[in-house]
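Subject: Structure for your review

Dear colleague,

Please find the structure below, handed over for your review.

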Amino acid sequence: MRLAAYVLPWRKPVLIEGEGCVTQLPGRLTGEGVKNVLLVTDNVIMRLGLADKLLRALVEAGIEVAVYDEVVPNPTIDNIEEALSLYKENGCGAIIAIGGGSSIDCAKGVGARIARPKKSITRMKGILKVILSMPPLYAIPTTSGTGSEATIASVVVDSGTREKYAIMDPALIPRAAVLDPLLTVGLPPFITATTGMDALTHAVEAYIGRSNTRETREMARKTVALVFENLYTAYKDGSDITARANMQRAAYYGGIAFTRAYVGNIHAVAHTLGGRYNVPHGLANAVILPLILDDFGECIYKPLSELADAAGIQGETDERKAKAFIAAIRELNALMGIPATIDGIIEDDIPTLAGLAYHESNPTYPVPRIFSREDFISVYHRLMGKPGLHGYAGKIARIDLSTGEITTYMPARGELLKYLGGKGLAAKIIYDAFDKKVEAFSDENLIVITTSPLNGSTAPSSARFNISTISPLTGLLVSSNCGGSFGLSLKRAGYDALVISGKSPDKVYIRIGDDGIKFRDASAIWGKGTSETQALMGGGGKLVIGVAGENLVRYACVTSQERVAGRGGVGAVFGHKQLKGIVASGSAPAITLSDKERFKELNKKWIAKLREHPITGRQLPNLGTAALVRPMQRHGLLAAKNYTTGRFDEFENLSGETLREKHLVKNKGCPACPIQCGRVVSLGGSEIKGPELETIGLLGPNLLNNDMEGIIRINRMCDEYGLDTISFGGSVGFAMELNEKGLWDNGLRFGDCEDIEALVAQVAHREGVGADIAEGVMRMSEKFGGAEYAIHVKGMELPAYDPRAAQGMGLGYATANRGGCHLNGGYLAVLEGLGIEVNGATTSGKAALTVLFQDLLEAASAAGSCLFTTYAVFPAALIKHPDKASVRLVCKLLTSVGGIIAFAHNHPGILGINAPGIIPHSYAYSLVTGAKMNIGRFSRSGERIYNLERIINVRQGLTSGDALPARLASPELAEGAQDHVHLDKMLKKYYRIRGWDEHGVPKQKRLKKLGLPEL
Ligand code: SF4
Ligand SMILES: [Fe+2]
């Protein structure tokens, strides 16, 4: 096709334009000796009298006219044959077509049959099957869209098979195009809108295709400019002659552009809908256009950004301009009442339709990227309003708290495949929303709540959801994961995600149900604790903030049932936006699974494996996360006294075993989880949530507190006020040390924890010393000093593992995108003594292992799995028999194969397999969504998300690399025999493997490889 664009005998029709110019036509005909003419049109044109002036002028000029006015929308071969008979019966010498694209296409068909009397229309399907010249054709468009007056194509429908196809031959180019704006004045607004969008589609497809010439590019840009300047005016005020004339020109230029540069996938799909269901061509194109442009993704950012220039749309980068251009198309559609979906598509037809579109576009059209059949199937699903991938509910709600405006959209299929869901999708949404640094406490900051494809699939431990925002604690991106019921409820309400912007003028909560998304007055629940608030919000899955969030405590959390999205202060962002909570319920259809049977089979095996595994089947259900207290003590990992040491003599009081013996009532966990790692304990006769390991660590050894019952009470207070127990415990520990060192006289002392409960309330209300503790460790150290023992990374307080005994965990803390976090850091402590016994003291192999685990955890989380399911990836034998020589050898080997791990990480193709017995996550994603996924791609998705988080952080100002507090990483501050984290040594290797520079900034080459935008 590309070659054809250069060698075909192109010509342009003579252009006759201006108000009333149809009356010039008879003079031309007589000049050419034409006495009899065939007029091809439809009965609407005749009824509206649009041909009257012309007919009168023809009669006055003495020209006999045979009128064929039976053309139907999507003209048929029958139409052509009937008109042909009339032409012959009346001895005509020319054809005039007046009407929309259908009449002109029908007239071209008549011309083709006259040129090749022995060839049927069916045999002329395709390109260059006419060749011989036909009688002169004069095209008078009465709509402004098809551009057929300028093109080589005639699109017809086979009356028998309903197949729609094109005859393309330069012989079909009309002799003249007559553009009389007066003929389009009476065009109804909706037809004006959809035909105008057809013209735009021609220009866009021509421009992004690979058969452009300088002229077609020029014509396409002119079309785009004219459409964006005039279409809405013509739609609103049909009598605006200037807008009408400009739209006629737009259609004509669009025709010149695409007749030579071709259309593409959008037209391929539109033709199938026209052929099968008679969907008007312009309407089909208008709806399909933004959707397929989304699907092309980055390969068309450059040309679309140029079209954005033509349309006067601004943007910083090609990607932003391209996306703004697509958004502007959607906006124009919406303004003109064009829907986002098409009614009447039948699910069972989709494979056939996708097959037809696939064959029409490939190899006929020079498209920027060839779509597979699956790509086309996804397009039809989305045209029906369904998600383009299984496993998703199909829409994301944008909620502007400032204006109350609510809109919905769905990201392109390619985007979902790249970022999966959860934290990945949220990062992409946040990346796209801004082009500069955003303050956490600002109206522009977003709260992005995302579910994932595995949510609602019945995969084990998959009822998790994610909240991402710019953190008030770190100023960087934070993603916080939660296991309560909200995620599943949101999906049952029909939403994959919520994107919340602005700031509400009043205190509100949001109710999401089958009747839509509504704002509710929250003044009566403002100031209440998280349990009472949830009880007062009625039925449904809920997430709420407590008083700490309302008062902008920088580490306030969000609570759903008893589970919390704890880290990074997401609750404070809710508070700033005056949003107390969200409740969701609904009866949207359950998500569909691509391969239900195989997924069921996998699920069965996966659950069985989790139940058998020593960590997920025994340790966690029996003892909860507190099971780790004893091994942490044994390995020197139990951070005590503000991380002065990694051991606590009275650890036994705080162990999982003690919790079980003295306090446990029953296990409890997130919905749909066979592990049930949560605890219900009794306190003063009532049953309440028991503390997690991190809570025990930070409120216990970290404060030199050996009182388990006291910790249970503090934990409960933190939950009610909505405080992250890790950051709270870390901040209190630091405050105690500041007091001890004489830097801040606050009355807090290690080991003296009687009053900590009262302190929780003070922090939540920002009262007394609580006002400073509410700011977190980093800000306290800026105010009072003690930076070398201010235990935070990037502003976020550290979890309970002392990294000096687990070098890999130290590297993970330092590099974690959200700051001091074990999970985002790759959680190497599990390898370094808390699951298997890899030597925690060595740095060897740790850089590669950290990268590997960070990326895998990232992908597992984004897909929707609880990270505890990843424990079961380690063979049971490694955990059960740590002293066996063979197990010790494996653990040793793991530290000496860093090079191999790094190589595999950077060549994920070699892991292009699924091994569901070991890593079920990637296979489960594939069976749920129907997308191709294997371990290599899964790990690459994780890497992509990790890098995207990093570039958001760089935009937020993180350009000075990754570090640990001096107490942990400085040899000078090492106490006694205690080691320090050899961070520099590991960091260099880590950056090398990641393809980041010495400041921890991803290099362009790596970003390109991951399909990420440039920095
Ligand atoms: S393992 Fe624990 S945290 Fe994870 S889903 Fe199950 S109950 Fe929730
Ligand atoms: Fe078209």
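The residues around ligand 1 are Ser-461, Arg-464, Arg-563, Gly-669, Cys-670, Cys-673, Ile-675, Gln-676, Cys-677, Cys-866 and Phe-868. Please note that this is a predicted model. Sorted by class, the shell around the ligand comprises six nonpolar, three polar and two charged residues. The space that ligand 1 takes up is the largest cavity.

Phe-868, one of the residues around ligand 1, also belongs to an aromatic cluster, together with Tyr-801, Tyr-827 and Tyr-871.

Aromatic pairs

In total, the structure holds 15 aromatic pairs. Among them is the pair of Phe-371 and Phe-376, which is tilted, with 5.3 Å from centre to centre and 55 degrees between the planes. Phe-371 and Phe-376 are both buried.

A second tilted pair is formed by Tyr-827 and Tyr-871, with a centre-to-centre distance of 6.4 Å and 55 degrees between the planes. This pair links distant parts of the chain, its two members being 44 residues apart. Tyr-827 lies in the loop between α32 (807–815) and α33 (846–863), whereas Tyr-871 lies in the loop between α33 and α34 (876–880). Both tyrosines, Tyr-827 and Tyr-871, are buried.

Helix α17

Helix α17 covers residues 422–433, twelve residues in all. From its first C-alpha to its last it reaches 17 Å, which is close to the 16 Å expected at 1.5 Å a residue. The buried residues are Gly-422, Lys-423, Gly-424, Leu-425, Ala-426, Ala-427, Lys-428, Ile-429, Ile-430 and Tyr-431.

Lys-609

Another lysine, Lys-609, is placed in helix α22 (residues 596–612). Lys-609 has a relative accessible area of 22% and is therefore partly exposed, since buried means under 20%. Along the chain, Lys-609 and His-822 are 213 residues apart, and 25 Å separates their C-alpha atoms.

Backbone details

- The peptide bond from Asn-362 to Pro-363 is cis, with omega near 10 degrees. Pro-363 lies in the loop between α14 (350–361) and α15 (373–383).
- Gln-578 is not a glycine, yet its phi is positive, at about 60 degrees. Gln-578 is found in the loop between α21 (570–576) and β21 (579–584). Its relative accessibility is 16%, so Gln-578 counts as buried.
- Leu-704, also not a glycine, has a positive phi of about 55 degrees. Leu-704 is located in the loop between α26 (693–699) and α27 (708–721). With a relative accessible area of 30%, Leu-704 is partly exposed.

Yours sincerely

Definitions and conventions. Residues numbered from 1 in each chain as written. Chains lettered and ligands numbered in written order. Predicted model: local features only at pLDDT ≥ 70, side-chain atom pairs only at ≥ 80, totals over all residues. Heavy atoms only, no water. Helix = DSSP H or I, 4+ residues; strand = E, 2+ residues; numbered from the N terminus. Expected span 1.5 Å × (residues − 1). Buried < 20%, exposed > 50% of the residue type's maximum accessible area, 1.4 Å probe, protein only. Near = heavy atom within 4 Å. 1 Å grid on protein atoms, 1.4 Å probe; cavity = no way out; pocket = protein on both sides within 12 Å on 5 of 7 lines; lining within 4 Å. Sits in = over half its atoms within 2 Å of the grid points. Nonpolar A, V, L, I, M, F, W, Y, C, P; charged D, E, K, R; others polar. Phe/Tyr/Trp six-rings, centres within 6.5 Å; stacked < 30°, edge-to-face > 60°.
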